Amino acid sequence: MPSAATTIRREQLTLPAAEVGPDNPLPPLCPLDEVHEVDSRTLEGLPRAMARQIGYEPLHSILPARLRDGYGRERSERALDALVLENDHLRVTVLPGLGGRIHSLFHKATGRELLYRNPVVQPASFALNGAWFSGGIEWNIGATGHTTLSCAPLHAATLPGPDGTPILRLWEWERLRDLPFQVDLWLPADSEFLYAGVRVRNPHERPVPTYWWTNIAVPEEQRVLAPAEEAWHYGYERTLRRVPVPVSDGVDRTYPQRSTHAADYFYEVPADRRPWIASLDERGQGLVQTSTGVLRGRKAFIWGSGPGGRRWQEWLTEPGTGGYAEIQAGLARTQLEHVRLEAESEIGWLEAYGPLAADPGPVHGDDWAAARAETEDRLAKTLPGAAVDAAYAEWLPYADHEPVETLATGSGWGALEVLRAGHKLPGTPFEESTLGPDQEPWRALLDTGSFPAPRRVAPPGPSLVATHWRDMLETAPAEPLTEYHLGVAQWHAGDLAQAVRSWERALPLAPSLWPLLRCLAVADRLGGNRERAAQRYAESFEDLVSERRDTGETWRAVTAALGREAIEAQLAIGDTEAARRVWAGLHPSTRERGRFRFLEAMLLLAEDRREEARAVLAEEFEVADLREGEESLGTLWEKLGEGRPLPQHYDFRMRPTGN
């Protein structure tokens with residue numbers, strides 16, 4: 001009986017989900033807080049090529065992206081737009097509005113979900129710009145860390161592919177590096193493997209540092225296998241060291257639940273070996289991922305069995321639903337590296353995902369070579385490497401074919417860049433119709449040479465910081481809002497003194513003082529002038545409170561964001577009275593959020609009201625935007641806990657105690 005044709009359809013997926021919430025309206029001027037960094041002593045002992053790529057233009061700021069910290073932890077049933085690819089063997093569910101995440105990869109013959117399918121959508125602060133959620137397959141582009149597009153919509157459309165098989169194309173403009181990319185997903189009618197053709201393009205006249213890691217969540221009770229005898233271990237102590245695989249420090253690390261602490265294991269896959277990684281259960285069954293040779297890196301991430309790892313697992317899903325690990329594939333050996341993408345060039349590869357059934361005896365035996373050989377042999381029989389190379393060759397001509405039916409719409413930033421530079425990007429149309437309110441003033445600057453004054457009193461819109469936009473701002477009439485955005489662009493470029501001059505120059509004529517004062521306060525704080533920073537923060541917050549027009553989402557978001565920074569600045573110099581005045585200016589609902597309960601406890605401690613601070617901690621509040629690797633809750637407990645152990649509710653430690 002012939003196989004049924006592959007189909008792509010729209011569906012709605014209903015899940016308990018927390019709202020992502022509004023973006024933080026304040027430009028993120030502070031240096032990037034990314035936990036995956038190594039100290040200089042570690043760099044000295046690394047292979048030369050690895051050290052060079054770790055040092056190749058690491059990201060220092062998330063501009064022009066904005067922070068996404070407006071989410072909470074209250075979940076309700078929400079209908080999410082989903083796109084489903086299906087053939088006789090697999091059903092693949094994609095969420096175009098949430099970074100194009102593959103939410104589910106269901107194998108029909110065995111009735112198995114091949115991925116870790118998170119039963120909820122709970123944002124947490126793991127992306128470079130904040131909001132991220134766990135589970136499924138995610139596409140990480142930009143720089144070390146989870147992409148800023150984790151919870152953002154992508155463009156999506158269909159088109160005919162090889163042998164008439166429909167392709168689901170996902171594409172967007174990645175703004176940290178200014179690179180357009182696409183992911184083409186298709187299921188040949190008789191295939192048990194999902195193919196993903198990926199292409200990243202550099203349309204610029206200069207080389208650009210490039211980063212890509214595909215993250216695949218799998219049940220953590222399975223064993224992770226890869227064609228390697230060594231790995232680079234990163235354990236949140238900011239060191240990178242070579243360790244044997246599978247056993248290091250007396251523990252078989254290929255079983256995620258046997259480790260105590262969270263860690264990354266970047267496998268040393270020999271250059272002459274086929275790249276693959278698998279996660280197999282006690283019966284030898286599970287998921288395998290393989291690719292063409294460009295995507296060489298392979299990695300396992302584990303949360304560990306310690307209290308911190310268990311707490312994070314609960315935090316990202318629902319208690320009692322099982323934990324997950326991640327198997328990953330990337331362009332470099334480690335996620336700390338960036339590779340050079342030459343001017344006006346592109347890089348592409350093909351990935352394949354599908355079920356694998358191997359003999360559980362060798363797979364779970366003590367002989368690592370036998371376990372690898374069994375897995376690799378079953379993969380070769382199930383999907384030969386030559387078949388992957390052939391599928392890539394068959395797909396490549398279709399990468400430039402134009403989409404036929406639009407299924408979802410992403411941002412308008414790509415359309416703005418195409419208008420500015422006239423980029424020719426066949427296959428990934430960034431239509432003018434996708435331009436929105438955030439792009440409107442920048443298009444006006446492009447068309448008229450002037451940045452338009454706002455039509456109403458509101459927080460400034462997003463800033464653009466690339467060289468070409470900075471040049472346009474520098475030649476535009478020096479209106480206050482233009483100077484504000486110019487200062488942000490100059491700050492991003494490292495011209496800190498000139499940025500301060502631009503913000504100060506705008507103050508006398510600015511109808512809104514608080515955005516400029518806040519930028520100057522950040523400059524003072526990072527420059528070591530904490531007293532002047534606190535004073536400017538106080539003035540900025542006072543001006544904001546007098547100017548805000550309502551208690552709607554935008555004004556509430558900016559008041560919360562500025563209020564948090566202002567309170568932290570006052571506490572840094574011990575001015576509890578000024579901090580308390582800011583606290584009083586926050587909206588009551590803001591003061592009830594977990595991050596602000598934490599700030600309240602800090603303020604009470606600074607006021608020497610220790611019992612009241614302990615009472616706040618005793619409420620076991622939840623800091624929704626707790627950052628990966630953040631240890632502030634534990635630090636506060638040390639000051640107030642009177643020597644008692646850190647409660648499990650507050651234990652998010654990702655490294656051994658004392659390190």
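Residues are numbered from 1 along each chain as its sequence is written, and side-chain values use heavy atoms, with hydrogens and water left out. Because the model is predicted, local features need pLDDT of at least 70 and side-chain atom pairs count only at pLDDT 80 or more, whereas totals for chains, interfaces and linings use all residues.

A cavity is a set of points on a 1 Å grid over the protein atoms alone where a 1.4 Å probe fits but cannot get out; points are joined across faces, edges and corners, and a volume is the space filled by probe spheres set on them. There are 8 cavities of 30 Å³ or more. The largest cavity holds about 190 Å³, and 21 residues line it, with His36, His146, Asn215, Lys299 and Glu326 closest to its centre. Lining residues have an atom within 4 Å of a point.

Strands (DSSP runs of E, at least two residues, numbered from the N terminus) contribute to this lining. At least two residues each come from β14 (212-219), β23 (297-302) and β24 (324-330), and β24 gives the largest share, 3 residues.

Now to the strand pairs, where pairing requires at least two DSSP bridges between two strands. Strands β1 (residues 7-17) and β2 (residues 76-86) run antiparallel and are joined by 11 bridges, with Pro16 bridged to Glu77 of β2. On β3 (residues 90-95), β2 finds another antiparallel partner over 4 bridges; here Leu85 is bridged to Val92 of β3. A hairpin is formed by β2 and β3, with 3 residues between them.

Terms used: 1 Å grid on protein atoms, 1.4 Å probe; cavity = no way out; pocket = protein on both sides within 12 Å on 5 of 7 lines; lining within 4 Å.
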